[in-house]
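Hi,

Here is the structure I promised to pass on.

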There are 2 protein chains.
Amino acid sequence: MSKKGNPTQPTSRADKGRLTAPVSTNAPAVILVEPQLAENIGSAARAMMNTGLSDLRLVDPKEDWLSDRALAMATNGEKVLRQARRFDTVEAAIADLECVYATTARRRGMVKPVMTARAAADDMRARSADGRKIGIMFGRERVGLTNPEVALANTVVEVPLNPEHSSLNLGQAVLLVGYEWFQAGYAGPGVVMSYNHTRPAANEDMVGLFEHLEKELVNCGFLRNDDMRAVMVTNIRTMLQRAELTEQEVRTFHGIIKELRYGRRDDRPKRQPGYREDDV
Amino acid sequence: MSKKGNPTQPTSRADKGRLTAPVSTNAPAVILVEPQLAENIGSAARAMMNTGLSDLRLVDPKEDWLSDRALAMATNGEKVLRQARRFDTVEAAIADLECVYATTARRRGMVKPVMTARAAADDMRARSADGRKIGIMFGRERVGLTNPEVALANTVVEVPLNPEHSSLNLGQAVLLVGYEWFQAGYAGPGVVMSYNHTRPAANEDMVGLFEHLEKELVNCGFLRNDDMRAVMVTNIRTMLQRAELTEQEVRTFHGIIKELRYGRRDDRPKRQPGYREDDV
């Protein structure tokens, strides 16, 4: 069991520029109503730690949230478990909160706003930034929240999933709702190019490479047909431009051309323009 | 263990209007590279079923993906496990794919686009709609993907999480990436109001309620101070407007006013304007 707690993806402190976001203050509380299994409390705590949540409130939990089974599932979330608070009733658990979101999988006969997890996360961020105390309620593993419990909440949250197979376990539900909370605070780019001690090639680097390649392709006979030459050159340049080479890769490519053309032969030129031989 | 597989949130077929999306064709394949534990393969299969993915490919798995432990974690994902295919190498598993995304938690010394799970999902949707065959690779539980394996992918995917606690288990990683794939196909509203056999109150319903309430508040003496009356009326109307009452609730409110004012007393009026007594 504890082996499953091992990280699939270890984090290095040296990973500069990772796509992440700071953990915010005034994050929502997570209220688990009558959780049945210690493992599920543990995995909820792990998901909370992953997504920057720390205030765990347990309403009449049926097993010990500091048992070995809970701690094994929690891994890094142990701190969350140790700070968790137990309450007898939902009313007591949410007494200090100003806005409560109830996660449900089925519609109740209540006139209440229903939000996707993503829309709810935006709503939570706006209220949190405004200083409001907020919380997210999750129901029992088998039967969810009762209608009187949902009635205590301001808003219902649904997670859009495959309509034929939308059931989640408790830890997964906390992970997805917490994930959306965390993403709503992520202001970084969606896509970056990772450059490792190098930089994108400048256009003059590319032209130098094209000219070197085309000269040797003429010399070796590949571009011997004058009629076709212009089309071939355009196609080759298009292909190489699309690769968005770095300046390091341009130098490597110069070396590849030279070695393919001359190998260790006697007519090997001393240098090619645009690269230093010792770079390759 | 199998109890954990029980749904926390049962789905009813009667839940019309749920915030969900259809499962699309040409969804990404999921490639698990040397998964160590049957439970993790099972929970990945469950996450795939939740998020509309079905093509599971296993590269040299270390345990039986149809074992009891795998099936217990998979719950609804059993179908995915039964259709899963085993491959000896990553190269064989992705041979037919035209674009491969590699999930990693640490930056490698490779010049490659790095996308958040959300940006990657948009990218996948665009390619999928264009008929491209795509896949998402997940590494071993402890050590992830090797650099040569990442080099086979077109794009790296990172999940932005708490930088101090970003480790996910395999099932959670598949759930979050699959969840983003599914959300990228969700075209529904972020927020809806659930009306249960009723409709929002029209403005004339509200004015009728205000006039009934204010008349009785004058009669009972609450609005006896003429100087304050206009301010009080404005505040009361503001409070009630904010509740966005339904027409059913307006009728209930008429009944509440009447009963609070007259109870079973002899001076109880036969009717109030704007509601039918038998509605309440």
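Helix α1 of chain A (residues 38-50) has 13 residues, which at 1.5 Å a residue should span 18 Å, and its end C-alpha atoms lie 19 Å apart, so the two agree. The expected span here is 1.5 Å times one less than the number of residues. Helices (H or I, at least four residues) and strands (E, at least two) are DSSP runs, numbered from the N terminus. Because 13 of the 13 residues of α1(A) are buried, the helix is largely enclosed by the rest of the structure. Buried means under 20% relative accessible area, exposed over 50%, and partly exposed in between (1.4 Å probe, protein chains only).

Before I go on, the housekeeping. This is a predicted model, where local features need pLDDT of at least 70 and side-chain atom pairs count only at pLDDT 80 or more, while totals for chains, interfaces and linings use all residues. Residues are numbered from 1 along each chain as its sequence is written, chains are lettered from A and ligands numbered from 1 in the order in which they are written, and side-chain values use heavy atoms, with hydrogens and water left out.

Now chain A as a whole. It has 10 helices and eight strands, and buried residues make up 52% of its 280 residues. Among its contacts (heavy atoms within 4.5 Å) between residues at least 6 apart in sequence, 79% join residues at least 24 apart. Chain A exposes about 13,000 Å², with carbon and sulfur atoms supplying 51% of that; the areas come from the Shrake-Rupley method with a 1.4 Å probe, and for residues only the protein chains shown count as cover.

The sheet is worth a look. Eight strands form an open sheet with mixed pairing, in the order β3(A)-β2(A)-β1(A)-β6(A)-β4(A)-β7(A)-β5(A)-β8(B). Its edges are β3 (85-87) of chain A and β8 (191-194) of chain B, each pairing on one side only. From one strand to the next the twist averages 30 degrees. Two strands pair if DSSP finds at least two bridges between them; for instance, β4 (residues 99-103) and β7 (residues 155-158) of chain A run parallel and are joined by three bridges. In that pair, A:A102 sits opposite A:V156.

Helix α7 of chain A (residues 170-183) lies across β1, β4 and β6 of chain A, at about 150 degrees to β6(A). Axes are lines fitted to C-alpha atoms, for helices over the stretch in contact, and angles run from 0 to 180 degrees between N-to-C directions.

Which residues touch the most other members of the largest nonpolar core? They are A:L32, A:L56, B:L32 and B:L56, out of 82 residues in that core. Such a core is a set of buried Ala, Val, Leu, Ile, Met, Phe, Trp, Tyr and Cys residues joined through side-chain atoms within 4.5 Å.

Finally, some contacts between the chains, leaving out residues up to four places away in sequence. A:Q183, in helix α7 of chain A, is buried at 7% relative accessible area and touches B:R118 and B:P160. B:T246 sits in the loop between α9 and α10 of chain B and touches A:V111, along with residues including B:Y195 and B:P200.

Cheers
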